[in-house]
Amino acid sequence: MRLGVRIHVAHLDQIEEGLLGFYDHDENTIYVDMNLTRAERNEVVAHELGHAQFCHTCDSEVGERQANRYAAGLLVDPAEYARAEAMSTDVAFIAEELDVTPQIVVDYRRYCLERIGVTTYASPHMGSGQWSARYANA
């Protein structure tokens, strides 16, 4: 599905200190702070795309969880995650290997992986076929 969302990069600290980004539903635009690293910018854009995908119009705990899960699923390839985790389970190491923020790794583990015994199931996408990627732990 094409969302048609525009992305605008700006100095968001002028709007609110510490603001990294936000999605304006009425304008169908994601605003991202220009001082972010590439990994941070990717995280913010993916998170805000989650808000756009689910048509969120205000902040809520459920909406934030949905956006976090969407971002993690969008930015992490299950096979690459399995490869990195086979080398080390350290969050910072995996984040560096995947070129994502440590928070994305934490969210991916929380929302996109299901561990049953020594087998890990990845759900890279919500909906049909969500358990299609299966990886055995080393």
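A helix here is a DSSP run of H or I that spans at least four residues, and helices are numbered from the N terminus. Keep that in mind for the exercises. The model is predicted.

**Exercise 1. Find how R83 and E80 are placed in their helix, and how they interact.**

Step 1. Locate the pair. Both residues sit in helix α3, which covers residues 78-87.

Step 2. Work out the spacing. R83 and E80 are 3 residues apart in this helix, so about one helical turn separates them.

Step 3. Check the contact. A salt bridge needs a side-chain nitrogen of Lys or Arg within 4 Å of a carboxyl oxygen of Asp or Glu. The R83 and E80 side chains meet at 3.2 Å, N to O. That is a salt bridge.

Step 4. R83 is partly exposed, at 34% relative accessible area. E80 is partly exposed too, at 36%.

Step 5. Look for further partners. E80, R83 and E97 are linked in a network of salt bridges.

**Exercise 2. Decide whether R110 and D107 are buried or exposed, and describe their link.**

Step 1. Recall the cut-offs. Buried means under 20% relative accessible area, and exposed means over 50%.

Step 2. Apply them. R110 has 52%, so R110 is exposed. D107 has 2%, so D107 is buried.

Step 3. Describe the link. The two form a salt bridge, with the closest N and O atoms 3.4 Å apart.

Step 4. R110 and D107 lie 3 residues apart in helix α5, which means about one helical turn between them.

**Exercise 3. Work out the strand order of the open sheet of 3 strands, then name its edge strands.**

Step 1. Write the order. The strands run β1-β3-β2, with mixed pairing.

Step 2. Pick the edges. β1 and β2 (21-24) each pair on one side only, and they are the edge strands.

Step 3. Zoom in on one pairing. β1 and β3 (residues 29-33) pair in the parallel sense over 5 bridges. Within β3, T29 is the bridge partner of R6.

Step 4. V9 lies in β1, which covers residues 6-10. With 40% relative accessibility, V9 counts as partly exposed. I7, V9 and M34 make a nonpolar surface patch of about 260 Å².

**Exercise 4. Summarise the whole protein: how many helices and strands, and in what order?**

Step 1. Count. The protein has 5 helices and 6 strands.

Step 2. Order them. From the N terminus, the elements run β-β-β-α-α-α-α-α-β-β-β.

Step 3. Of the 138 residues, 38% count as buried. The protein exposes about 8200 Å², and carbon and sulfur atoms supply 50% of that area.

Methods: Residues numbered from 1 in each chain as written. Predicted model: local features only at pLDDT ≥ 70, side-chain atom pairs only at ≥ 80, totals over all residues. Heavy atoms only, no water. Patch = residues over 30% accessible without salt bridge, like charges linked within 9 Å, V, L, I, M, F, W, Y side chains within 5 Å. Areas by Shrake-Rupley, 256 points an atom, 1.4 Å probe, with all protein chains shown as cover. Helix = DSSP H or I, 4+ residues; strand = E, 2+ residues; numbered from the N terminus. Buried < 20%, exposed > 50% of the residue type's maximum accessible area, 1.4 Å probe, protein only. Pairing = 2+ DSSP bridges.
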